[in-house]
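Dear colleague,

Please find below the sequence and the structure that I am handing over to you. My notes on what was found follow directly after them.

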Amino acid sequence: MSTDHLVLSDEVADALAEGRAVVALESTLLAHGLPAGRNHEVGVRLERVVRESGAVPATIAVLDGKARIGLTDADLDRVCAEDSGLVKLSRRDLGPALALGRDGATTVASTATLAHQAGIGVFATGGLGGVHLTLPRGAAAWDVSADLDVLSTTPVVVVCSGVKSVLDIAATVEVLETRSVPVLGYRTDAFPAFYLRVSAFPVPWRVDTPADAAAVIDAHRTHVPGGAGVLLVNPIPVEHELDRELHDRLLQDGMDLLKRRDIRGKNVTPVLLEHFHTASAGASLTANIELVADNTRVAAEVAVELAQSRR
C-alpha cells in the first residue's frame with residue numbers, strides 16, 4: 001500500500017526510525033468532542049503527558065488532503081479553531097477526504113488505520129465505539145461502530161476506558177469476542193463503562209503493569225495470526241468517576257429524551273452525550289478529559305515497554 005498520503009512530523013519520523021516509543025492520538029476529540037478553547041488546552045496536555053512518560057506523541061488529522069502524523073503548533077491551532085469546519089472522518093471517509101483535499105478530524109477507526117500505516121502500534125483515546133442502544137431497549141441493533149471491525153483487522157493497541165455507558169455494553173463485549181479481539185483489563189477485573197469504573201461485565205484477562213501488558217501484546221502479535229489489535233481497558237481515575245446514582249438518572253432521562261424526540265441511529269450517542277454534559281453541569285466533561293489523560297499516560301508507558309523489548 002502506498003504511503004504517499006502520509007506526512008510525518010520530523011519528531012515522529014525520527015522516533016520511528018530510531019525504534020523509540022510513539023503514541024497516536026486522535027483529533028475528533030479535539031475538533032468535535034470538546035468546546036473551543038478547552039480543546040486546545042487538552043490537546044497540548046495530552047502531548048505533554050506522552051512526553052513526560054518517555055514517548056513521542058503523534059496527534060493525527062487530515063489537513064489539505066494529507067494525513068498528518070504528528071501536528072505542528074499551527075496544525076493544532078487549526079484543528080481546535082471554533083470555525084475549523086473539519087469533517088468527522090471514520091475509516092470509510094479517508095479515501096474521499098484525501099482525494100478531494102478536505103480537512104478532517106480522525107475517529108478511533110481512522111486514527112488506528114493511519115497510525116498502523118505510519119508504523120505506530122499504540123493509540124490512546126477516551127472510549128471505543130460500540131453497539132448503539134436501541135429504542136425500545138433490547139431491540140436488535142444494526143448501528144455498530146466501525147471501530148470494532150477496524151480493531152479486529154488492524155494490529156494496533158487501543159488504550160481506552162471501555163465504551164461509553166450510553167452504548168450497549170453487553171452487545172459490544174460480545175462483538176469483541178466474536179471478532180477475536182483480546183481485551184485486557186489494566187488493574188481491573190471489570191470492563192469499564194467510561195464515566196464509571198466498572199460495568200456488570202468482566203474482562204477475560206487482567207494485567208497490572210506496563211511490562212505485563214507489553215508482554216501480552218508482544219505474544220499476541222508474534223504468535224496469533226489474523227492481524228487483530230488489542231484492547232487495553234483502563235478505568236477512569238477513582239477521584240473523577242461520576243456518582244453512579246447521578247449517572248443512572250442522567251442515562252434514564254436521556255433515554256426518555258430520545259423517545260420523546262424520536263431520535264434514532266447515529267444521532268443517538270451525540271444527543272445522549274450532550275445531555276450528560278449539560279445536565280451534569282460539566283461534571284461529565286471533566287470526567288471525559290481526565291480519563292483520556294490517564295489513558296494517554298498508560299499508553300505511553302506501555303509503548304515504552306514495547307520499544308525496549310525490541311532492542
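I begin with helix 4 (residues 73–80), in which Asp75, Leu76, Val79 and Cys80 are buried. Viewed along the axis of helix 4, these buried residues fall within an arc of 125 degrees, so they line one face of the helix; the arc is that of the directions from the helix axis to the C-beta atoms. The face turned away from the buried side carries the exposed residues Asp73 and Ala74. On the buried side, the residues of helix 4 pack against helix 2 (28–33), helix 3 (38–52) and strand 3 (56–63).

Some conventions apply throughout. This is a predicted model, in which local features need pLDDT of at least 70 and side-chain atom pairs count only at pLDDT 80 or more, while totals for chains, interfaces and linings use all residues. Residues are numbered from 1 along each chain as its sequence is written, and side-chain values use heavy atoms, with hydrogens and water left out. Buried means under 20% relative accessible area, exposed over 50%, and partly exposed in between (1.4 Å probe, protein chains only). Helices (H or I, at least four residues) and strands (E, at least two) are DSSP runs, numbered from the N terminus. Contact means heavy atoms within 4.5 Å.

UniProt, in an unreviewed entry, places the feature "binding site" at Lys88, Val108, Ser145, Ala146 and Asp147. These positions span 60 residues in sequence, yet no two of their C-alpha atoms are more than 13.7 Å apart, so they gather at one spot. UniProt positions are given in the numbering used here, feature names are shortened, and annotations may be inferred rather than shown by experiment.

Lys88 lies in strand 5 (residues 87–89) and is exposed, with a relative accessible area of 51%. Not counting residues up to four places away in sequence, Lys88 touches Thr28, His32, Asp93, Ala105 and Thr107. Val108, by contrast, is found in helix 6 (residues 108–118) and counts as buried at 8% relative accessibility. With neighbours within four places in sequence left aside, the contacts of Val108 are Glu26, Phe123, Thr125, Gly127, Leu128 and Asp147.

A "binding site" annotation in UniProt (unreviewed entry) also covers Asp143. Asp143 sits in the loop between strand 7 (122–124) and helix 7 (146–153), and counts as partly exposed at 25% relative accessibility.

Turning to the strands, both faces of strand 2 (residues 22–25) are covered: Val22 and Ala24 on one side, and Val23 and Leu25 on the other, are all buried. Strand 2 runs parallel to strand 3, joined by four bridges, and parallel to strand 7, joined by two bridges; two strands pair if DSSP finds at least two bridges between them. Ala24 has bridge partners in both, namely Ala58 in strand 3 and Phe123 in strand 7.

Finally, Ser9 lies in the loop between strand 1 (6–8) and helix 1 (10–17). Ser9 is buried, with a relative accessible area of 19%, and touches Ile69 and Gly70, not counting residues up to four places away in sequence. A polar atom of the Ser9 side chain lies 3.2 Å from the backbone nitrogen of Val12.

With kind regards

How values were computed:
Polar contact = N/O pair within 3.5 Å; in protein donor to acceptor, adjacent residues only side chain to side chain.
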